[in-house]
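Morning, everyone. I have one model to show you, and I'll keep it brisk. Here it is.

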Amino acid sequence: MASQTPALDLIRLVNGYQISQAIHVAASLGIADHLAAGERTSDDLAAATGSHAPTLYRLLRALAAAGVFHEGPDKRFALTSMGECLRSDAPVPVAPWATLIGRPFEWNAWAHLLHSVRTGENAFRYMHGSGNFEYLSRHPEEQVIFDGAMSAISRRLSPAVLAAYDFSLFHRVVDVGGGTGTLLADILAAHPHLRGVLFDQPHVVERARPVLEAAGVADRCEIVGGSFFEAVPEGGDAYLLKFIVHDWDDAASTAILRACRRAMEPEAKLLVLERLIGPPNEGADTKFTDLIMLVEPGGLERTPEEFESLFTATGFRLARVVPTATALNVIEGLPIEGGAAKG
């Protein structure tokens with residue numbers, strides 16, 4: 001084995017894009033699902049996926065060398081514990097995210113990171129001429145892939161959120177920007193007395209009912225379409241925003257939180273589920289997620305102090321931060337009496 005040096009370590013980081021795209025291709029082809037019943041030859045997999053057999057073998061052997069698959073004799077491949085996470089039925093699903101990140105509309109925006117760093121501008125908008133959510137609304141085939149990735153993230157994080165935070169105290173949870181409802185469905189399923197309101201853009205929530213029905217909670221969940229910049233549904237005692245605030249700069253985030261504050265009764269709680277920027281030289285995952293926010297939606301990850309300032313400006317008091325077993329935190333805000341921010 002070659003000795004490790006700082007240069008080799010850096011080269012491995014520089015070449016990270018190669019394995020990202022290789023995993024993206026394997027996920028897009030559904031290789032893991034084809035291996036779910038056991039090992040198969042690369043020729044079998046090529047026939048099953050409509051791929052060029054010699055070239056698919058080259059891809060699979062590279063991923064096997066990286067530990068995603070295992071290569072046996074006669075070009076036979078099997079899943080490793082990592083590869084299992086690419087199955088569509090994986091308990092911790094990764095394939096939807098891998099499928100999304102390699103899509104040209106996402107991948108190519110990263111070519112303009114230098115532009116963002118030089119100017120502070122959003123790379124996605126610079127490349128496509130619109131923000132990423134507007135782009136998705138015009139490209140429904142990409143919206144479906146994006147929604148699938150977000151649902152998979154919710155499936156992965158829901159158990160940790162439910163273990164860390166007690167939702168049993170509430171009666172009506174409004175999930176603001178809740179996508180197709182995966183997280184809200186899990187919360188309602190865990191607490192049969194709860195009712196929910198799923199709120200997002202109309203073209204997003206129109207695909208939510210099958211998710212809610214599969215979880216057996218459709219009869220306890222109202223689906224509402226609209227814009228969280230304008231108004232959100234009233235009548236909840238918990239307002240949930242998962243990975244919403246980090247998509248937006250301070251001005252837009254202020255508008256979203258003000259809309260929530262206008263809808264909330266004094267006893268209601270604001271529950272913002274986000275990562276938190278950590279101390280210097282720590283928390284690489286969150287700090288690179290911050291770059292995702294820079295390149296794609298144009299938002300940012302924040303420190304606890306930045307959340308406190310954002311809450312204060314929009315009529316909330318930061319009550320506490322509840323960590324989970326993941327990088328996600330439940331940042332709890334309470335309405336300040338008479339402090340409903342206008343605007």
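Ground rules. This is a predicted model, where local features need pLDDT of at least 70, side-chain atom pairs count only at pLDDT 80 or more, and totals for chains, interfaces and linings use all residues. Residues are numbered from 1 along each chain as its sequence is written, and side-chain values use heavy atoms, with hydrogens and water left out.

Annotations next. An unreviewed UniProt entry puts "domain: O-methyltransferase dimerisation" at residues 12–86. The entry, also unreviewed, gives "domain: O-methyltransferase C-terminal" for residues 110–317. Such annotations may be inferred rather than shown by experiment; feature names are shortened, and positions follow the numbering used here.

Residues 12–86 are 61% helix and 12% strand, with 23 Å between the end C-alpha atoms. For residues 110–317, read 48% helix and 14% strand, with the end C-alpha atoms 36 Å apart. Helices (H or I, at least four residues) and strands (E, at least two) are DSSP runs, numbered from the N terminus.

Now the first pair. Helix H12 (residues 140–164) and H13 cross at roughly 35°, and their axes come within 8 Å. Axes are lines fitted to C-alpha atoms, for helices over the stretch in contact; angles run from 0 to 180 degrees between N-to-C directions. The crossing of H12 and H13 is right-handed, meaning the near helix is turned clockwise from the far one by less than a right angle.

Who meets whom? From H12, Ser151, Ser154, Arg155, Ser158 and Leu162; from H13, Thr182, Leu183, Asp186, Ile187 and Ala190. Contact means heavy atoms within 4.5 Å.

Stay with Ile187. It sits in helix H13 (residues 182–190). Is Ile187 buried or exposed? Buried, because its relative accessibility is 0%; the buried cut-off is under 20% relative accessible area, with a 1.4 Å probe and protein chains only. Leaving out residues up to four places away in sequence, Ile187 touches Leu162, Phe167, Leu194 and Leu240. Val217 is 30 residues away along the chain, with 9.6 Å between the two C-alpha atoms.

Second pair. Helix H16 (residues 250–263) packs against helix H18 (residues 304–313) at about 50°, axes 9 Å apart. H16 and H18 are therefore oblique: angles under 35 degrees count as roughly parallel, over 145 as roughly antiparallel, 65 to 115 as roughly perpendicular, and the rest as oblique. The H16 and H18 crossing is right-handed. H16 contributes Asp250, Ser253, Thr254, Leu257 and Arg258; H18 contributes Leu310, Phe311 and Ala313.

Over to you.

Terms used:
Buried means under 20% relative accessible area, exposed over 50%, partly exposed in between (1.4 Å probe, protein chains only).
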